[in-house]
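Please examine the sequence and the three-dimensional structure shown below.

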Amino acid sequence: MLHLAVIFSLLALSTANLKYSDCGGTAARIKSFAATPYPIKAKTGVEHSISFDAVVSKPIGEATLKLSISKYVGFMYVKIPCIGGVGSCNYEGGCAKINKAINGVKKCIPLPSGNYKKSFNFKIPSIPSAASMLTSGYFKGKVSLVDPRSSEVYACVTFETKVTN
């Protein structure tokens, strides 16, 4: 489920008209972020390309990814609850997932300080037809990487985006 959450978080940050801002953090900042295609297509099998440039100012060890996401419905944003590990959830084991994505290592090794430039290509996984109506529209949210022991926020980004089917 963390894999889907990370993909959705990255997709949420991936629009040409992206509205995002750093909301604090003691260890990392995203310098640039790009993705194609736009608008985001949340349709099974659509291939996306994502690249980012980030600065890690101090080592990041074990971490929890906290995702809060809301969808615009009618005239207001409504928070999407965490159901079955998808939605506004906390995802444990972030250190190992970050290391696998950045360094290809599947265990928790503290990510050292430095500049990181990465690109990823992936296809949207199967989306159940009942959920497809929830995957298009306007979204906003917050993604935080947090130390599970001390609650220190390593990195934080807020975003607003549009997604189509």
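In which strand is the place of Phe122? Phe122 is found in strand β8, which covers residues 114-123; strands here are DSSP runs of E with at least two residues, helices are runs of H or I with at least four residues, and both are numbered from the N terminus. The model is a predicted one, in which local features need pLDDT of at least 70 and side-chain atom pairs count only at pLDDT 80 or more, while totals for chains, interfaces and linings use all residues. Residues are numbered from 1 along each chain as its sequence is written, and side-chain values use heavy atoms, with hydrogens and water left out.

Phe122 counts as buried because its relative accessibility is 13%; the term buried applies under 20% relative accessible area, exposed applies over 50%, and partly exposed lies in between, with a 1.4 Å probe and protein chains only. Between Phe122 and Gly45 the C-alpha to C-alpha distance is 8.9 Å, although 77 residues separate the two in sequence.

Two disulfides are present in the structure. A disulfide is a covalent bond between the sulfur atoms of two cysteines, and the criterion applied here is a pair of cysteine sulfur atoms within 2.5 Å. The link of Cys23 and Cys156 is left-handed, with -80° about the S-S bond. As for accessibility, Cys23 is partly exposed at 33%, whereas Cys156 is buried at 3%.

Another disulfide joins Cys82 to Cys89, with an S to S distance of 1.9 Å. The link of Cys82 and Cys89 is right-handed, with 105° about the S-S bond. Cys82 counts as partly exposed because its relative accessible area is 42%, and Cys89 counts as buried because its relative accessibility is 2%.

Ionic pairs form the next topic. How many salt bridges does the structure hold? There are three salt bridges, each defined as a side-chain nitrogen of Lys or Arg within 4 Å of a carboxyl oxygen of Asp or Glu. In the pair of Arg29 and Asp22, the closest N and O atoms are 2.7 Å apart. Arg29 is partly exposed, at 39% relative accessible area, and Asp22 is partly exposed, at 38%.

Lys31 and Asp53 form another salt bridge, with 3.7 Å between the closest N and O atoms. Lys31 belongs to strand β2 and Asp53 to strand β4, so the pair ties together parts that are 22 residues apart in sequence. Is Asp53 buried or exposed? Asp53 counts as buried because its relative accessibility is 10%, whereas Lys31 counts as partly exposed at 49%. Strand β4 covers residues 47-56. When residues up to four places away in sequence are not counted, Asp53 touches Arg29, Ile30, Lys31, Ser32, Tyr116 and Lys117, a contact being defined by heavy atoms within 4.5 Å.

Glu152 forms a salt bridge with Lys58, and the closest N and O atoms of this pair are 2.6 Å apart. The pair links distant parts of the chain, 94 residues apart: Glu152 lies in the loop between β9 (137-146) and β10, and Lys58 in the loop between β4 and β5 (64-73). Glu152 is partly exposed at 22% relative accessibility, and Lys58 is partly exposed at 31%.

Strand β5 also holds Ser70, which is buried with a relative accessible area of 13%. Leaving aside neighbours within four places in sequence, Ser70 is in contact with Tyr77, Val78, Lys79, Ile80, Tyr138, Phe139 and Lys140.

On the surface, Tyr72, Val73, Phe75, Met76, Val78 and Tyr138 form a nonpolar patch with about 610 Å² of accessible area together. The elements that give two or more residues to this patch are β5 and β6 (76-79). Patches consist of residues with over 30% relative accessible area and no salt bridge, where nonpolar side chains (Val, Leu, Ile, Met, Phe, Trp, Tyr) are joined within 5 Å and like charges within 9 Å. Accessible areas come from the Shrake-Rupley method with a 1.4 Å probe, and for residues only the protein chains shown count as cover. Val73, in strand β5, counts as partly exposed because its relative accessibility is 46%.
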